[in-house]
Amino acid sequence: MTGYQLGLGLTEEHTALADSVRRFTERHLTPAVLRAAVDAKAESLPPFWAELAGQGLLGLHVPEEHGGQGAGLLELAVALEALGRAAQPGPLLPTTLASALLVAADAKVGAELLPGLADGSRVGAVGLADPLSGVESADGVTVSGETVGVLGGAVAEVLLLPARIGGDLRWVVLDREQLTVREQDSLDVVRRSARVEADGVVVPAGRVLDALTAERVRSIAAVLFGADAVGVASWCTSTAAEYAAVRVQFGRPIGQFQGVKHKCAGMGVELERARAAVWDAARALDAGEETAGFAAAVAAVVAPDAAVRCGADCIQVLGGIGFTWEHDAHLYYRRALTLRALLGRGTEWTEAVARQALDGVARATRIDLPEDSERIRAGVRRELAGIAALSPDEQLVALGDGGWVQPYLPRPYGRGADPLEQVVIGEELKHAGIQLPELLMGGWAVPPIVAYGTEEQKQRVVVPTLRGEVVWCQLFSEPGAGSDLASLSTKAERADGGWKINGQKIWTTVAQFSQWAMLIARTDPDAPKHRGITYFILDMTTPGVTVRPLREATGSALFNEVFLDDVFIPDDCVVGEVNDGWTVARATLSSERVALGRGNASYPTLADLLRFADGRDLDAVARHRVGEFVCENQVLDLLGARTVLKQLSGADVGTTASVSKFLSMRFGQQIAEFCLAELGVAGAVPVRGEPSDRWMEQVLACRAMTIYGGTTEVQLNVIGERMLGLPRDVDS
C-alpha cells in the first residue's frame, strides 16, 4: 500500500505534512471518538477541536498576518485528504472553506474574522445551495429567505451565504445571532448540515463579498470537498483491499478471486484519477491561473463520483459486515454521497467543462522542474541546435549515435540520463522541432539487448535500430500463450553452432515488414514454467520463417502469424544466458524510463472528438458525454505529469503503466463508439470517402486496444496485486 501514502502532494514537504496529520488522527480520531460523534449534538464541537487548531491545521492556508501558516490550498488539500481518511467529525471542512473564501475575497472583513477562524475560536460555514434574496439599500443589502444544506451551519458563528442581489450572485457574511438556524437530518451522521433563514437582515456593504464570484466560490469548494472525497476513497480502497487479502472463502482469500480483485483494482484506479484532478485544481487556484476554473470543474466531476464508487464497492467487498451499523464503511459511503450532493449536480459541472472545451479552452499539464534543470537545459539545447541544422537523414544518424532516442540507456547507446534530464531532453527536442525516429517494436528490442547482449550484438542491431534503419517485430505470443506468455511451446533444440527453432507465433505486429525479431523459445522443456526459456534475435530473412498476415476485423492486416520450421539461429544471436530468457524478456528498463507522452497517435484523441463535435447540434446527453471525455483526457494527462514528478522525487511508479494503459485504452474506445453512435444511420451505412468511414474503422480497430500488450483483465490483476497487495491467483 505504499503507493497510497504519497497522496495529493508530491514533495517531501507534502509527505511530511500528510504524515504529521496522519499521526494526529491516530492520536485523536479513534474509533470511539468517531462513534461518539454519531450520537453527539449538532451544536457540539469534537473533543479534539482545540488540538486541531493548535496544530495549525485550521489556518494552514491563512496568511501569516491573519494568524495562519501562510501555505496554499494544495497544502490544505493534503491535510484534508489525510483527515478525510479518518472521517473527521465536526466543522473542520466548512470552517476552512469559509476562511479560504475570505482570503480569496481579500476584503476588510477578512482581517476581522480570519484570526478567529484560524485559531479555532470561531467556527465557519458556507452555503452552496439556493441563494437568499438581497435588496440593495442605503445601509447595505437587506437579505431574506432560506437556504438549506449549510454544512456545519448548526455550530457555526460566522456564515457565508449566497444571495441574489440585482441579478448577480454574491456571498454575504452573517453572524449566527442574525439568523434562524435549524439542524437538518443528513446522510452524513457525523458532520451535519443546517437550514438557515434570514428575515430582513441588513448586511453592511463591507460584509458583501463583491470580489468573490460564484465561479471562484464553486472552484475553491470543489478543491476542498474534492480533497475530503479523496480521503474517503483512500480509506475505502485500503479497507476493501486489506479485508480481501485476509477474508477466506472456499478455501482461498477472496482477493484471489478475479471478480473481487478487479473491483478493488477499479477502486485504486478511481482513487488515482481523483487525486490527479484535485491536485491540479489546487495548484491552479494557488497560482491564479486563467484555467483554474476549468481545472476545478474537472475535479468536481471526478473526485466526488470516485468517492461514491469506492464507498459502494467497499461495502460490496466487505459483504454483510460492511452493511452493519457497527462497521464504519457506511459512514464513509454516507460522507461521499453528501459531498457529491453539496457540490451540486454533476451535469452542471460536466456542462461547464464541455462548454469551455468546445469554446477552445484547454489546460496544458505543467511540470515544475528544480532549478538544476536550467543548467542541464543549456547544454542539451546547445547540442540539439547543431543537430537541427543537419539534413533529415543526417539528423537520424546524429540522434541515434548521440543517445537521444532512448536517453535513459547507458552510454553510448543512450545518455545515462536520469529522470530530470529525460524530461529536459523531451522538452528541448520539441522546442528544436526535431522528430525522433519511430522505432515501433524496436523500442522494446533495444533495452534488453543493451542490458544483456554482447558488444557485437549491440553494434550489429542496436546502432542501426536507434538510427531508424531497422524494423523489428516481437515473436512472443503463441496460440496457447497470450497473456500467459510463459506457457509458450515453441522449441529451440541444440544444433551445430546454434539452435533449430520450431513453433508458431501469432499476433505479431508488422512481421511482414520486419528485418529482425525478438524471439523467446523453450530450450529446456523439463525446467519450471518461467525457466528453461531463452531469448534470441532472429533475422527474418532466415530460411524456414513464414509470415502469414491476419486479416483483422477492420479488413486490414497489421498482425501476422509466423511459422518457424527448422529455423537455424546461430549462437551469436542468443541474448543473455541460455535458459534465462524470461529475465531478459522482462528487462526492458521501463522503470528507468520517464513516460513523456501517452496513447497511440493512430487512435482517437480528444482533439478528434472536439473536431467532430464542432458545429454539430449535440443534445444535452451528448454534451454531458463530451464533458466527461474532456475530464478523462485531463486526468490522463495529469496522471502522466504526476508519474514524472514521482520519478523525479525517486518514488516507485511500477504500477503506473498499468493504470495509464487501462484508462487510455478505454478512453480511445469510448470516443470512437460515441462518435459513431452520434452519426446514426451515416455511421452504420457510411458512404465511401466520407468522414464516417474513419469512425467505423476506428470503432473496429479500437477493440484491439484492450487486448494487445496485456488485456484489460491482466492490467487489473497487476493493479490489484502490485498496488493493493492482493494475493496472486497462481504461483509464479
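Modeller: Contact means that heavy atoms lie within 4.5 Å of each other. This is a predicted model, in which local features need pLDDT of at least 70 and side-chain atom pairs count only at pLDDT 80 or more, while totals for chains, interfaces and linings use all residues. Residues are numbered from 1 along each chain as its sequence is written, and side-chain values use heavy atoms, with hydrogens and water left out.

Biologist: Leaving aside neighbours within four places in sequence, which residues is Leu 209 in contact with?

Modeller: Leu 209 is among the residues with the most contacts inside the largest nonpolar core, which has 172 residues. Such a core is a set of buried Ala, Val, Leu, Ile, Met, Phe, Trp, Tyr and Cys residues joined through side-chain atoms within 4.5 Å, where buried means under 20% relative accessible area, exposed over 50% and partly exposed in between (1.4 Å probe, protein chains only). With those neighbours set aside, the contacts of Leu 209 are Leu 102, Ala 105, Ala 107, Val 109, Leu 160, Arg 170, Trp 171 and Val 173.

Biologist: How many disulfides does the structure hold?

Modeller: A disulfide is a pair of cysteine sulfur atoms within 2.5 Å. For Cys 314, the nearest cysteine sulfur belongs to Cys 236 and is 4.6 Å away, and for Cys 631 the nearest, that of Cys 675, is 17 Å away. The number of disulfides in the structure is zero.

Biologist: Is Cys 314 buried or exposed?

Modeller: The relative accessibility of Cys 314 is 0%. Because of that value, Cys 314 counts as buried.
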